[in-house]
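Hi,

Here is the structure I said I would pass on.

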Amino acid sequence: MLELNADNTLDYLRTRGDVPYLEQARVEMLGWGVSNVVLRVTRPLSEDLIIKQSRAQLRTKAEW
């Protein structure tokens, strides 16, 4: 599973066809959740996107 982050989310969305390759967009992390990651994709010409992805492993000290 590809764990999305601010560095790889835009490429992921472009390969899926959700964001055109020539469109300028910016990705920022909205939260550092224990069970998921939430990102905002800001797009000047279209509606912004909110991406939420469950983590494969909970982000805790002890493995779950």
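This is a predicted model: local features need pLDDT of at least 70, side-chain atom pairs count only at pLDDT 80 or more; totals for chains, interfaces and linings use all residues.

Residues are numbered from 1 along each chain as its sequence is written, and side-chain values use heavy atoms, with hydrogens and water left out.

On the sheet: strands β2 (residues 36-42) and β3 run antiparallel and are joined by 6 bridges. Strands here are DSSP runs of E with at least two residues, helices are runs of H or I with at least four, and both are numbered from the N terminus. Two strands count as paired if DSSP finds at least two bridges between them. The whole sheet is open, with 3 antiparallel strands in the order β1-β2-β3. Since β1 and β3 (49-54) are at the edges with a single partner strand each, one side of each has no neighbour in the sheet. From one strand to the next, the twist averages 25°. Angles run from 0 to 180 degrees between N-to-C directions, using axes fitted to C-alpha atoms (for helices, over the stretch in contact).

Helix α1 lies across β1, β2 and β3, at about 75° to β2. Contact means heavy atoms within 4.5 Å.

Now the inside. The largest nonpolar core has 9 residues: Leu4, Leu10, Leu13, Val19, Val27, Val37, Leu39, Val41 and Ile51. α1 and β2 each give at least two residues to this core, and β2 has the largest share, with 3 residues. A core here is a set of buried Ala, Val, Leu, Ile, Met, Phe, Trp, Tyr and Cys residues joined through side-chain atoms within 4.5 Å. Buried means under 20% relative accessible area, exposed over 50%, and partly exposed in between (1.4 Å probe, protein chains only). Setting aside residues up to four places away in sequence, Val27 touches Asn5, Ala6, Thr9, Leu10, Leu39, Arg40 and Val41.

Ala25 is in the loop between α1 (9-16) and β1 (26-31), and it counts as partly exposed because its relative accessibility is 21%. Beyond four places in sequence, Ala25 touches Leu10, Arg14, Val41, Thr42 and Arg43. Gly31 is in strand β1 and, with a relative accessible area of 21%, is partly exposed.

Cheers
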